[in-house]
Amino acid sequence: MIDDETRYRAVDSRDARFDGVFFTAVRTTGIYCRPSCPAVTPKQSNCTFYPSAAAAQGAGYRACRRCRPDSVPGSPEWNHRADVVGRAVRLIGDGVVDREGVAGLADRLGYSARQLQRQLTAELGAGPLALARAQRAQTARLLLQTTPLPVTEIAFAAGFASVRQFNDTVREVYDRTPSGLRAEGATGRRTAVPPATPGTIALRLAYRGALDSAHLLDFLALRAVPGVEEVVPGGRPGVRTYRRTLALPYGHAVAEVDGLATTDTPTRGWLDCRLALTDLRDLTTAVHRLRALLDLDADPDAVDERLGRDGALGPAVLARPGVRSPGHVDPHELAVRAVLGQQITVAAARTLAGRLAERYGAALPAPGGGLHLLFPTPAALAGAADGDLAMPDARRRALRGLCAVLADGTLRLDPGADREQAAAELLALPGIGPWTVGYLRMRALADPDVFLPGDAGIRHGLQRLGRPGDPAAADTAARAWAPWRSYAVHRLWLAAAPPAGPPVESSVTTRPRATCRNSPEATA
(Lines give C-alpha, C1' and ligand atoms only; values in the text may rest on other atoms or scores of the structure.)
Protein backbone atom coordinates (compact mmCIF):
# COMPACT_ATOMS: atom_id res chain seq x y z
CA MET A 1 0.00 0.00 0.00
CA ILE A 2 1.23 3.53 -0.78
CA ASP A 3 -0.08 6.76 0.68
CA ASP A 4 -0.93 10.01 -1.08
CA GLU A 5 2.36 11.61 -0.09
CA THR A 6 4.28 8.82 -1.84
CA ARG A 7 1.99 9.09 -4.84
CA TYR A 8 2.59 12.80 -5.13
CA ARG A 9 6.37 12.31 -4.92
CA ALA A 10 6.06 9.82 -7.79
CA VAL A 11 4.12 12.39 -9.82
CA ASP A 12 6.59 15.16 -9.00
CA SER A 13 9.50 12.98 -10.18
CA ARG A 14 7.52 11.65 -13.18
CA ASP A 15 8.23 8.08 -12.09
CA ALA A 16 7.06 5.75 -14.87
CA ARG A 17 7.26 2.75 -12.53
CA PHE A 18 3.88 3.83 -11.12
CA ASP A 19 2.13 4.12 -14.50
CA GLY A 20 -0.97 1.96 -14.27
CA VAL A 21 -0.59 1.54 -10.51
CA PHE A 22 -2.58 4.72 -9.85
CA PHE A 23 -3.89 7.75 -11.76
CA THR A 24 -3.70 11.43 -10.86
CA ALA A 25 -6.77 13.62 -11.36
CA VAL A 26 -6.36 17.40 -11.24
CA ARG A 27 -9.40 19.30 -10.01
CA THR A 28 -8.44 22.61 -11.64
CA THR A 29 -8.16 21.13 -15.13
CA GLY A 30 -10.69 18.29 -15.00
CA ILE A 31 -8.24 15.79 -16.48
CA TYR A 32 -6.48 12.69 -15.19
CA CYS A 33 -2.94 11.56 -16.05
CA ARG A 34 -0.44 8.82 -15.56
CA PRO A 35 2.23 9.57 -12.91
CA SER A 36 4.92 10.08 -15.56
CA CYS A 37 2.97 12.73 -17.48
CA PRO A 38 5.44 15.37 -18.78
CA ALA A 39 3.07 18.26 -18.08
CA VAL A 40 3.78 20.77 -15.31
CA THR A 41 3.33 19.11 -11.92
CA PRO A 42 0.09 20.31 -10.32
CA LYS A 43 -0.16 21.44 -6.72
CA GLN A 44 -0.67 18.59 -4.32
CA SER A 45 -3.81 20.25 -2.96
CA ASN A 46 -5.39 19.99 -6.42
CA CYS A 47 -4.64 16.27 -6.86
CA THR A 48 -6.87 13.30 -6.23
CA PHE A 49 -5.51 9.80 -6.77
CA TYR A 50 -7.51 6.91 -8.20
CA PRO A 51 -6.65 3.20 -8.43
CA SER A 52 -8.04 2.84 -11.97
CA ALA A 53 -8.77 4.89 -15.06
CA ALA A 54 -12.40 3.84 -14.75
CA ALA A 55 -12.61 5.39 -11.28
CA ALA A 56 -11.19 8.68 -12.54
CA GLN A 57 -13.63 8.68 -15.47
CA GLY A 58 -16.51 7.88 -13.13
CA ALA A 59 -15.58 10.94 -11.06
CA GLY A 60 -15.97 13.10 -14.17
CA TYR A 61 -12.33 13.48 -15.26
CA ARG A 62 -11.17 13.32 -18.88
CA ALA A 63 -8.08 11.51 -20.13
CA CYS A 64 -5.00 13.66 -20.70
CA ARG A 65 -4.25 14.09 -24.41
CA ARG A 66 -0.55 14.34 -23.75
CA CYS A 67 0.24 11.23 -21.70
CA ARG A 68 -2.74 9.06 -22.76
CA PRO A 69 -3.28 7.40 -19.37
CA ASP A 70 -5.68 4.86 -20.83
CA SER A 71 -2.82 3.15 -22.68
CA VAL A 72 -0.49 2.44 -19.73
CA PRO A 73 0.46 -1.11 -18.70
CA GLY A 74 -1.95 -2.77 -16.32
CA SER A 75 -1.21 -2.70 -12.63
CA PRO A 76 1.03 -5.63 -11.67
CA GLU A 77 -1.03 -6.04 -8.52
CA TRP A 78 -4.21 -6.93 -10.42
CA ASN A 79 -2.21 -8.95 -12.94
CA HIS A 80 -0.79 -11.33 -10.32
CA ARG A 81 -3.30 -11.34 -7.46
CA ALA A 82 -5.10 -14.63 -6.95
CA ASP A 83 -8.16 -13.27 -5.13
CA VAL A 84 -11.54 -12.58 -6.68
CA VAL A 85 -10.68 -8.96 -7.56
CA GLY A 86 -7.53 -9.93 -9.44
CA ARG A 87 -9.35 -12.74 -11.23
CA ALA A 88 -12.23 -10.40 -12.15
CA VAL A 89 -9.87 -7.77 -13.57
CA ARG A 90 -8.18 -10.38 -15.76
CA LEU A 91 -11.53 -11.65 -17.06
CA ILE A 92 -12.72 -8.11 -17.79
CA GLY A 93 -9.48 -7.54 -19.69
CA ASP A 94 -10.23 -10.67 -21.72
CA GLY A 95 -13.57 -9.17 -22.75
CA VAL A 96 -15.90 -11.37 -20.69
CA VAL A 97 -18.21 -8.49 -19.68
CA ASP A 98 -18.65 -7.48 -23.32
CA ARG A 99 -19.46 -11.05 -24.34
CA GLU A 100 -21.36 -12.38 -21.32
CA GLY A 101 -22.35 -9.35 -19.26
CA VAL A 102 -21.80 -8.79 -15.55
CA ALA A 103 -23.94 -11.84 -14.74
CA GLY A 104 -21.63 -14.03 -16.82
CA LEU A 105 -18.56 -12.58 -15.12
CA ALA A 106 -20.04 -13.15 -11.66
CA ASP A 107 -21.05 -16.70 -12.56
CA ARG A 108 -17.52 -17.54 -13.67
CA LEU A 109 -16.20 -16.32 -10.33
CA GLY A 110 -18.86 -17.98 -8.19
CA TYR A 111 -20.19 -14.69 -6.76
CA SER A 112 -23.39 -12.75 -7.12
CA ALA A 113 -23.29 -9.66 -9.31
CA ARG A 114 -23.95 -7.50 -6.22
CA GLN A 115 -21.04 -9.02 -4.25
CA LEU A 116 -18.72 -8.58 -7.21
CA GLN A 117 -19.78 -4.95 -7.69
CA ARG A 118 -19.13 -4.22 -4.03
CA GLN A 119 -15.64 -5.79 -4.00
CA LEU A 120 -14.47 -4.16 -7.22
CA THR A 121 -15.77 -0.75 -6.19
CA ALA A 122 -14.06 -1.01 -2.80
CA GLU A 123 -10.64 -1.76 -4.32
CA LEU A 124 -10.73 -0.17 -7.77
CA GLY A 125 -13.21 2.63 -7.30
CA ALA A 126 -15.36 1.27 -10.13
CA GLY A 127 -17.60 -1.70 -10.82
CA PRO A 128 -17.33 -4.21 -13.67
CA LEU A 129 -19.43 -2.17 -16.10
CA ALA A 130 -17.31 0.95 -15.54
CA LEU A 131 -14.08 -1.03 -15.93
CA ALA A 132 -15.35 -2.59 -19.16
CA ARG A 133 -16.51 0.83 -20.40
CA ALA A 134 -13.03 2.29 -19.87
CA GLN A 135 -11.58 -0.60 -21.81
CA ARG A 136 -14.04 -0.07 -24.66
CA ALA A 137 -13.09 3.60 -24.82
CA GLN A 138 -9.43 2.74 -25.21
CA THR A 139 -10.21 0.19 -27.93
CA ALA A 140 -12.32 2.80 -29.73
CA ARG A 141 -9.48 5.34 -29.61
CA LEU A 142 -7.05 2.77 -30.96
CA LEU A 143 -9.32 1.88 -33.89
CA LEU A 144 -10.13 5.51 -34.65
CA GLN A 145 -6.48 6.49 -34.75
CA THR A 146 -4.96 3.47 -36.48
CA THR A 147 -7.59 2.30 -39.00
CA PRO A 148 -9.74 3.89 -41.71
CA LEU A 149 -12.81 1.94 -40.58
CA PRO A 150 -16.16 3.76 -40.55
CA VAL A 151 -17.12 5.15 -37.16
CA THR A 152 -20.25 3.00 -36.98
CA GLU A 153 -18.22 -0.17 -37.51
CA ILE A 154 -15.71 0.91 -34.87
CA ALA A 155 -18.49 1.50 -32.33
CA PHE A 156 -19.65 -2.11 -32.43
CA ALA A 157 -16.13 -3.53 -32.83
CA ALA A 158 -15.12 -1.79 -29.59
CA GLY A 159 -18.00 -3.47 -27.76
CA PHE A 160 -20.54 -0.63 -27.54
CA ALA A 161 -24.21 -1.51 -27.73
CA SER A 162 -25.10 1.53 -29.84
CA VAL A 163 -23.51 4.36 -31.78
CA ARG A 164 -25.04 6.85 -29.37
CA GLN A 165 -23.40 5.11 -26.39
CA PHE A 166 -20.12 5.11 -28.31
CA ASN A 167 -20.34 8.85 -29.10
CA ASP A 168 -21.26 9.78 -25.53
CA THR A 169 -18.42 7.71 -24.04
CA VAL A 170 -15.78 9.11 -26.37
CA ARG A 171 -16.85 12.67 -25.56
CA GLU A 172 -16.81 12.02 -21.82
CA VAL A 173 -13.47 10.22 -21.72
CA TYR A 174 -11.50 12.20 -24.31
CA ASP A 175 -13.39 15.50 -24.58
CA ARG A 176 -13.47 14.91 -28.34
CA THR A 177 -15.97 13.69 -30.86
CA PRO A 178 -14.97 10.45 -32.59
CA SER A 179 -14.09 12.40 -35.75
CA GLY A 180 -12.01 14.84 -33.70
CA LEU A 181 -10.18 11.98 -32.02
CA ARG A 182 -9.45 10.46 -35.42
CA ALA A 183 -8.12 13.77 -36.75
CA GLU A 184 -5.88 14.10 -33.71
CA GLY A 185 -4.36 10.70 -34.46
CA ALA A 186 -3.62 11.70 -38.04
CA THR A 187 -1.53 14.77 -37.18
CA GLY A 188 1.76 12.87 -37.31
CA ARG A 189 2.73 13.06 -33.66
CA ARG A 190 6.20 11.92 -32.69
CA THR A 191 4.78 8.89 -30.90
CA ALA A 192 2.62 7.76 -33.80
CA VAL A 193 2.56 4.00 -34.43
CA PRO A 194 4.26 2.93 -37.69
CA PRO A 195 1.66 2.22 -40.39
CA ALA A 196 0.55 -1.37 -40.87
CA THR A 197 -0.14 -3.24 -44.10
CA PRO A 198 -3.75 -3.10 -45.33
CA GLY A 199 -6.06 -5.32 -43.31
CA THR A 200 -4.02 -5.18 -40.12
CA ILE A 201 -4.08 -3.03 -37.01
CA ALA A 202 -0.78 -1.60 -35.80
CA LEU A 203 -0.40 -0.77 -32.14
CA ARG A 204 2.09 -0.59 -29.33
CA LEU A 205 2.15 -2.92 -26.35
CA ALA A 206 3.30 -0.80 -23.42
CA TYR A 207 5.45 -2.13 -20.60
CA ARG A 208 7.14 -0.66 -17.53
CA GLY A 209 10.77 -0.87 -16.51
CA ALA A 210 13.32 -2.91 -18.44
CA LEU A 211 12.42 -5.73 -20.82
CA ASP A 212 14.75 -8.53 -21.92
CA SER A 213 13.03 -9.27 -25.21
CA ALA A 214 15.87 -11.56 -26.31
CA HIS A 215 14.98 -13.95 -23.50
CA LEU A 216 11.29 -13.87 -24.47
CA LEU A 217 11.97 -14.58 -28.13
CA ASP A 218 14.54 -17.30 -27.38
CA PHE A 219 12.07 -18.97 -25.04
CA LEU A 220 9.21 -18.83 -27.56
CA ALA A 221 11.36 -19.81 -30.55
CA LEU A 222 12.58 -22.97 -28.81
CA ARG A 223 8.96 -24.07 -28.29
CA ALA A 224 7.35 -22.72 -31.49
CA VAL A 225 4.91 -25.27 -32.95
CA PRO A 226 5.41 -25.46 -36.75
CA GLY A 227 2.50 -23.96 -38.65
CA VAL A 228 1.12 -22.27 -35.51
CA GLU A 229 3.94 -19.97 -34.41
CA GLU A 230 7.38 -18.87 -35.52
CA VAL A 231 10.17 -16.40 -34.81
CA VAL A 232 11.50 -14.71 -37.94
CA PRO A 233 13.76 -11.76 -38.84
CA GLY A 234 11.93 -8.47 -38.31
CA GLY A 235 11.54 -5.42 -40.48
CA ARG A 236 14.39 -3.50 -38.81
CA PRO A 237 18.05 -4.48 -38.48
CA GLY A 238 18.68 -6.43 -35.32
CA VAL A 239 14.98 -7.15 -34.73
CA ARG A 240 13.27 -10.53 -34.49
CA THR A 241 9.50 -10.93 -34.79
CA TYR A 242 7.30 -13.45 -33.04
CA ARG A 243 4.31 -14.53 -35.14
CA ARG A 244 1.46 -16.86 -34.23
CA THR A 245 -2.16 -17.70 -34.93
CA LEU A 246 -4.83 -17.00 -32.31
CA ALA A 247 -8.19 -18.69 -31.80
CA LEU A 248 -10.49 -15.99 -30.43
CA PRO A 249 -14.14 -15.81 -29.32
CA TYR A 250 -15.47 -14.38 -32.62
CA GLY A 251 -12.89 -15.66 -35.11
CA HIS A 252 -9.16 -16.01 -35.48
CA ALA A 253 -6.16 -13.73 -35.90
CA VAL A 254 -2.52 -13.64 -36.87
CA ALA A 255 -0.41 -11.65 -34.44
CA GLU A 256 3.09 -10.26 -34.93
CA VAL A 257 5.17 -8.74 -32.12
CA ASP A 258 8.60 -7.24 -32.74
CA GLY A 259 11.30 -7.67 -30.15
CA LEU A 260 13.66 -4.84 -29.32
CA ALA A 261 16.54 -4.15 -31.67
CA THR A 262 20.07 -4.57 -30.41
CA THR A 263 20.33 -0.78 -30.49
CA ASP A 264 17.10 -0.19 -28.52
CA THR A 265 17.25 0.52 -24.82
CA PRO A 266 15.53 -2.16 -22.67
CA THR A 267 13.48 0.62 -21.07
CA ARG A 268 12.03 1.91 -24.35
CA GLY A 269 8.55 1.30 -23.01
CA TRP A 270 6.75 -0.49 -25.84
CA LEU A 271 6.86 -3.32 -28.37
CA ASP A 272 5.45 -2.85 -31.87
CA CYS A 273 2.59 -5.21 -32.68
CA ARG A 274 0.39 -5.95 -35.68
CA LEU A 275 -2.89 -7.85 -35.66
CA ALA A 276 -4.83 -9.26 -38.59
CA LEU A 277 -8.29 -10.06 -37.20
CA THR A 278 -11.19 -11.78 -38.91
CA ASP A 279 -13.55 -9.99 -36.49
CA LEU A 280 -12.66 -6.64 -34.94
CA ARG A 281 -14.64 -7.46 -31.80
CA ASP A 282 -11.69 -9.68 -30.84
CA LEU A 283 -9.21 -6.80 -30.67
CA THR A 284 -9.36 -6.28 -26.89
CA THR A 285 -9.12 -10.01 -26.21
CA ALA A 286 -6.18 -10.46 -28.58
CA VAL A 287 -4.23 -7.61 -27.00
CA HIS A 288 -4.93 -8.89 -23.49
CA ARG A 289 -3.70 -12.39 -24.37
CA LEU A 290 -0.54 -11.13 -26.04
CA ARG A 291 0.23 -9.03 -22.98
CA ALA A 292 -0.19 -12.14 -20.81
CA LEU A 293 2.06 -14.16 -23.13
CA LEU A 294 4.85 -11.59 -22.88
CA ASP A 295 4.26 -10.72 -19.20
CA LEU A 296 4.06 -7.04 -20.09
CA ASP A 297 2.15 -5.98 -16.96
CA ALA A 298 4.93 -7.15 -14.63
CA ASP A 299 6.91 -4.89 -12.33
CA PRO A 300 10.51 -5.81 -13.22
CA ASP A 301 11.97 -3.36 -10.74
CA ALA A 302 10.31 -5.14 -7.81
CA VAL A 303 11.29 -8.55 -9.18
CA ASP A 304 14.90 -7.65 -9.90
CA GLU A 305 15.29 -5.85 -6.58
CA ARG A 306 14.33 -9.03 -4.68
CA LEU A 307 16.29 -11.51 -6.83
CA GLY A 308 19.26 -9.15 -7.07
CA ARG A 309 19.85 -9.50 -3.32
CA ASP A 310 20.80 -13.14 -3.79
CA GLY A 311 24.52 -13.82 -3.91
CA ALA A 312 24.17 -16.30 -6.78
CA LEU A 313 21.47 -14.63 -8.87
CA GLY A 314 22.54 -11.02 -8.22
CA PRO A 315 25.24 -10.76 -10.92
CA ALA A 316 22.89 -12.23 -13.54
CA VAL A 317 20.14 -9.78 -12.58
CA LEU A 318 22.57 -6.89 -12.92
CA ALA A 319 23.79 -8.14 -16.32
CA ARG A 320 20.30 -8.90 -17.73
CA PRO A 321 17.58 -6.76 -16.16
CA GLY A 322 13.96 -7.24 -17.09
CA VAL A 323 13.72 -11.01 -17.56
CA ARG A 324 10.01 -11.85 -17.74
CA SER A 325 8.00 -14.98 -16.96
CA PRO A 326 6.12 -15.74 -20.20
CA GLY A 327 2.49 -16.76 -19.99
CA HIS A 328 0.42 -18.05 -22.90
CA VAL A 329 -2.36 -16.93 -25.25
CA ASP A 330 -4.37 -20.13 -24.74
CA PRO A 331 -4.14 -22.00 -21.40
CA HIS A 332 -5.82 -25.06 -22.89
CA GLU A 333 -3.22 -25.26 -25.65
CA LEU A 334 -0.45 -24.94 -23.08
CA ALA A 335 -1.95 -27.70 -20.92
CA VAL A 336 -2.02 -30.06 -23.89
CA ARG A 337 1.55 -29.20 -24.82
CA ALA A 338 2.76 -29.71 -21.25
CA VAL A 339 1.40 -33.26 -21.23
CA LEU A 340 2.79 -33.94 -24.70
CA GLY A 341 6.21 -32.97 -23.35
CA GLN A 342 6.25 -35.38 -20.41
CA GLN A 343 9.42 -37.48 -20.32
CA ILE A 344 10.73 -36.13 -23.65
CA THR A 345 12.84 -33.16 -24.66
CA VAL A 346 11.42 -29.77 -25.58
CA ALA A 347 12.41 -30.32 -29.22
CA ALA A 348 10.67 -33.70 -29.38
CA ALA A 349 7.53 -32.23 -27.77
CA ARG A 350 7.54 -29.43 -30.34
CA THR A 351 7.73 -31.96 -33.18
CA LEU A 352 4.88 -34.03 -31.75
CA ALA A 353 2.73 -30.92 -31.24
CA GLY A 354 3.40 -29.89 -34.84
CA ARG A 355 2.24 -33.27 -36.15
CA LEU A 356 -0.96 -33.09 -34.13
CA ALA A 357 -1.57 -29.55 -35.32
CA GLU A 358 -1.25 -30.66 -38.95
CA ARG A 359 -3.64 -33.55 -38.36
CA TYR A 360 -6.26 -31.97 -36.09
CA GLY A 361 -5.79 -28.19 -36.27
CA ALA A 362 -8.06 -25.93 -38.32
CA ALA A 363 -6.44 -24.51 -41.45
CA LEU A 364 -6.33 -20.76 -41.98
CA PRO A 365 -8.22 -19.60 -45.08
CA ALA A 366 -5.26 -17.39 -46.05
CA PRO A 367 -1.90 -18.76 -44.86
CA GLY A 368 0.90 -16.27 -44.35
CA GLY A 369 4.61 -16.98 -44.03
CA GLY A 370 5.06 -20.17 -42.04
CA LEU A 371 1.65 -19.89 -40.37
CA HIS A 372 -1.30 -21.86 -41.69
CA LEU A 373 -2.92 -23.59 -38.68
CA LEU A 374 -4.79 -23.00 -35.45
CA PHE A 375 -3.70 -25.30 -32.65
CA PRO A 376 -6.19 -28.18 -32.18
CA THR A 377 -8.93 -27.78 -29.60
CA PRO A 378 -9.08 -30.16 -26.63
CA ALA A 379 -12.31 -31.59 -28.10
CA ALA A 380 -10.51 -32.47 -31.33
CA LEU A 381 -7.61 -34.11 -29.50
CA ALA A 382 -9.81 -36.04 -27.06
CA GLY A 383 -10.79 -38.28 -29.96
CA ALA A 384 -7.39 -38.47 -31.66
CA ALA A 385 -6.46 -41.84 -33.12
CA ASP A 386 -3.88 -43.95 -31.30
CA GLY A 387 -1.62 -43.85 -34.34
CA ASP A 388 -1.40 -40.06 -34.11
CA LEU A 389 -0.46 -40.09 -30.43
CA ALA A 390 3.09 -41.42 -30.60
CA MET A 391 3.62 -41.77 -26.87
CA PRO A 392 3.41 -44.37 -24.08
CA ASP A 393 -0.05 -45.63 -23.13
CA ALA A 394 0.01 -43.88 -19.73
CA ARG A 395 0.71 -40.48 -21.29
CA ARG A 396 -1.88 -41.11 -24.01
CA ARG A 397 -4.51 -41.75 -21.34
CA ALA A 398 -3.39 -38.66 -19.44
CA LEU A 399 -3.72 -36.52 -22.55
CA ARG A 400 -7.17 -37.81 -23.40
CA GLY A 401 -8.36 -37.39 -19.81
CA LEU A 402 -7.09 -33.81 -19.71
CA CYS A 403 -8.65 -32.94 -23.07
CA ALA A 404 -11.98 -34.42 -22.00
CA VAL A 405 -12.30 -32.25 -18.87
CA LEU A 406 -11.10 -29.15 -20.71
CA ALA A 407 -13.56 -29.75 -23.55
CA ASP A 408 -16.61 -30.23 -21.31
CA GLY A 409 -15.71 -27.34 -18.99
CA THR A 410 -15.16 -29.48 -15.89
CA LEU A 411 -11.66 -27.97 -15.61
CA ARG A 412 -11.19 -24.24 -16.23
CA LEU A 413 -7.83 -22.60 -16.86
CA ASP A 414 -9.07 -19.21 -18.07
CA PRO A 415 -7.79 -15.90 -16.62
CA GLY A 416 -10.40 -16.05 -13.86
CA ALA A 417 -9.61 -19.57 -12.67
CA ASP A 418 -8.87 -20.10 -8.99
CA ARG A 419 -5.23 -21.24 -8.94
CA GLU A 420 -5.51 -23.51 -5.92
CA GLN A 421 -8.69 -25.17 -7.15
CA ALA A 422 -7.31 -25.64 -10.65
CA ALA A 423 -4.08 -27.15 -9.26
CA ALA A 424 -6.02 -29.62 -7.12
CA GLU A 425 -8.22 -30.65 -10.06
CA LEU A 426 -5.17 -31.13 -12.28
CA LEU A 427 -3.39 -33.28 -9.70
CA ALA A 428 -6.51 -35.46 -9.43
CA LEU A 429 -6.22 -36.41 -13.11
CA PRO A 430 -4.33 -39.64 -13.86
CA GLY A 431 -0.84 -38.99 -15.20
CA ILE A 432 -0.63 -35.32 -14.16
CA GLY A 433 2.15 -34.69 -11.63
CA PRO A 434 3.46 -31.77 -9.59
CA TRP A 435 5.89 -30.50 -12.25
CA THR A 436 3.15 -30.18 -14.87
CA VAL A 437 0.84 -28.49 -12.38
CA GLY A 438 3.57 -26.04 -11.36
CA TYR A 439 4.44 -25.28 -14.97
CA LEU A 440 0.78 -24.60 -15.77
CA ARG A 441 0.38 -22.39 -12.72
CA MET A 442 3.41 -20.41 -13.81
CA ARG A 443 2.44 -19.96 -17.45
CA ALA A 444 -1.30 -20.61 -17.88
CA LEU A 445 -2.44 -19.04 -14.60
CA ALA A 446 0.21 -16.26 -14.38
CA ASP A 447 1.32 -17.25 -10.88
CA PRO A 448 4.49 -15.23 -10.12
CA ASP A 449 5.60 -17.44 -7.24
CA VAL A 450 6.03 -20.98 -8.60
CA PHE A 451 9.19 -23.03 -8.11
CA LEU A 452 10.05 -26.38 -9.72
CA PRO A 453 12.65 -27.96 -7.40
CA GLY A 454 12.80 -31.28 -9.26
CA ASP A 455 13.38 -29.73 -12.69
CA ALA A 456 16.61 -30.71 -14.43
CA GLY A 457 17.21 -27.18 -15.73
CA ILE A 458 16.84 -25.81 -12.19
CA ARG A 459 19.38 -28.32 -10.92
CA HIS A 460 21.89 -27.50 -13.65
CA GLY A 461 21.37 -23.76 -13.22
CA LEU A 462 21.98 -23.92 -9.48
CA GLN A 463 25.09 -26.03 -9.96
CA ARG A 464 26.52 -23.58 -12.49
CA LEU A 465 25.97 -20.83 -9.95
CA GLY A 466 27.83 -22.81 -7.31
CA ARG A 467 24.76 -23.94 -5.36
CA PRO A 468 23.58 -27.49 -4.52
CA GLY A 469 21.09 -28.66 -7.12
CA ASP A 470 19.18 -31.40 -5.28
CA PRO A 471 15.44 -30.73 -4.85
CA ALA A 472 15.55 -30.20 -1.08
CA ALA A 473 18.41 -27.69 -1.27
CA ALA A 474 16.82 -25.95 -4.25
CA ASP A 475 13.51 -25.57 -2.45
CA THR A 476 15.24 -24.14 0.60
CA ALA A 477 17.21 -21.62 -1.49
CA ALA A 478 14.06 -20.55 -3.32
CA ARG A 479 12.31 -19.38 -0.14
CA ALA A 480 14.39 -16.20 -0.25
CA TRP A 481 13.07 -15.42 -3.77
CA ALA A 482 9.37 -15.31 -2.84
CA PRO A 483 7.05 -13.88 -4.07
CA TRP A 484 8.89 -13.92 -7.42
CA ARG A 485 10.05 -17.53 -7.69
CA SER A 486 8.65 -17.95 -11.21
CA TYR A 487 11.14 -15.33 -12.35
CA ALA A 488 13.93 -17.12 -10.50
CA VAL A 489 13.02 -20.27 -12.47
CA HIS A 490 13.70 -18.41 -15.71
CA ARG A 491 16.94 -16.99 -14.31
CA LEU A 492 18.10 -20.52 -13.47
CA TRP A 493 17.08 -21.87 -16.88
CA LEU A 494 19.16 -19.09 -18.43
CA ALA A 495 22.09 -20.04 -16.20
CA ALA A 496 21.73 -23.68 -17.29
CA ALA A 497 21.75 -22.80 -21.00
CA PRO A 498 24.89 -23.07 -23.12
CA PRO A 499 26.64 -19.72 -23.64
CA ALA A 500 24.67 -17.47 -26.03
CA GLY A 501 22.01 -20.16 -26.40
CA PRO A 502 18.30 -20.26 -25.56
CA PRO A 503 17.16 -21.54 -22.18
CA VAL A 504 17.06 -25.30 -21.67
CA GLU A 505 14.13 -26.44 -19.59
CA SER A 506 12.89 -29.94 -18.98
CA SER A 507 11.92 -32.08 -16.04
CA VAL A 508 13.46 -35.16 -17.65
CA THR A 509 16.08 -36.64 -15.33
CA THR A 510 18.32 -39.67 -15.45
CA ARG A 511 15.37 -42.07 -15.48
CA PRO A 512 13.68 -42.21 -18.91
CA ARG A 513 11.08 -44.75 -17.77
CA ALA A 514 7.55 -43.77 -16.79
CA THR A 515 7.17 -42.85 -13.14
CA CYS A 516 4.30 -42.22 -10.79
CA ARG A 517 2.26 -39.09 -11.33
CA ASN A 518 3.47 -37.47 -8.11
CA SER A 519 7.16 -37.78 -8.98
CA PRO A 520 9.10 -34.69 -10.11
CA GLU A 521 10.31 -36.78 -13.07
CA ALA A 522 6.79 -37.59 -14.25
CA THR A 523 6.33 -34.63 -16.56
CA ALA A 524 8.34 -32.36 -18.86
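Visitor: How many salt bridges does the count come to?

Guide: The count comes to 42 salt bridges, and this is a predicted model. As background, side chains of opposite charge can pair when their charged atoms come close.

Visitor: Why is the meeting of Arg-108 and Asp-414 called a salt bridge?

Guide: The N to O distance between their side chains is 2.9 Å. The cut-off is 4 Å between a side-chain nitrogen of Lys or Arg and a carboxyl oxygen of Asp or Glu, so the pair qualifies.

Visitor: What makes this a link between distant parts of the chain?

Guide: The two residues are 306 residues apart. Arg-108 belongs to helix H5 (residues 96-109), while Asp-414 is in the loop between helix H18 (393-407) and helix H19 (419-427).

Visitor: What makes Arg-281 and Asp-279 a salt bridge?

Guide: Here the closest N and O atoms are 2.8 Å apart, which again is within 4 Å. Arg-281 is partly exposed at 40% relative accessibility, whereas Asp-279 counts as buried at 18%.

Visitor: What joins Arg-204, Arg-236, Asp-264, Arg-268 and Asp-272 into one network?

Guide: Salt bridges that share partners join these five residues.

Visitor: Let us turn to the rings. How many aromatic pairs are there?

Guide: The count comes to 9 aromatic pairs. One of them is formed by Phe-160 and Phe-166.

Visitor: Why is the pair of Phe-160 and Phe-166 called edge-to-face?

Guide: The ring centres are 5.5 Å apart, with 65 degrees between the planes. Phe-160 is buried with a relative accessible area of 3%, and Phe-166 is buried at 0%.

Visitor: And why is the pair of Trp-435 and Tyr-439 called stacked?

Guide: Their centres lie 4.9 Å apart and their planes meet at 15 degrees. Planes under 30 degrees apart count as stacked, so that is the name for this pair. Both residues lie in helix H20 (residues 434-443), 4 residues apart, about one turn of the helix. Trp-435 counts as buried at 4% relative accessibility, and Tyr-439 does too at 6%.

Visitor: Which residue has its charged end over the ring of Tyr-360?

Guide: Arg-359 does, with its charged end 4.9 Å from the ring centre. Likewise, the charged end of Arg-7 sits over the ring of Phe-22, 6.0 Å from its centre. Phe-22 also belongs to an aromatic cluster with Phe-18 and Phe-49.

Visitor: How do you know that the buried residues of H22 line one face of the helix?

Guide: In helix H22 (residues 471-478), Ala-474, Ala-477 and Ala-478 are buried. Seen down the axis, the buried residues fall within an arc of 100 degrees, so they line one face. They pack against helix H21 (456-464) and helix H23 (485-496).

Visitor: Now the backbone. Which peptide bond is cis, with omega near 5 degrees?

Guide: The bond from Ala-482 to Pro-483 is cis, and Pro-483 lies in the loop between H22 and H23. Most residues other than glycine have a negative phi, and most peptide bonds are trans.

Visitor: What is phi of Asp-175, and of Gln-343?

Guide: Asp-175 has phi near 55 degrees, a positive value in a residue other than glycine. Asp-175 lies in the loop between helix H9 (163-174) and helix H10 (178-185) and is partly exposed, at 36%. Gln-343 has a positive phi as well, near 65 degrees. Gln-343 is in the loop between helix H15 (331-340) and helix H16 (346-360), and at 16% relative accessibility counts as buried.

How values were computed:
Residues numbered from 1 in each chain as written. Predicted model: local features only at pLDDT ≥ 70, side-chain atom pairs only at ≥ 80, totals over all residues. Heavy atoms only, no water. Phe/Tyr/Trp six-rings, centres within 6.5 Å; stacked < 30°, edge-to-face > 60°. Buried < 20%, exposed > 50% of the residue type's maximum accessible area, 1.4 Å probe, protein only. Lys NZ or Arg CZ within 6 Å of the ring centre and 35° of its normal. Arc of directions from axis to C-beta. Contact = heavy atoms within 4.5 Å.
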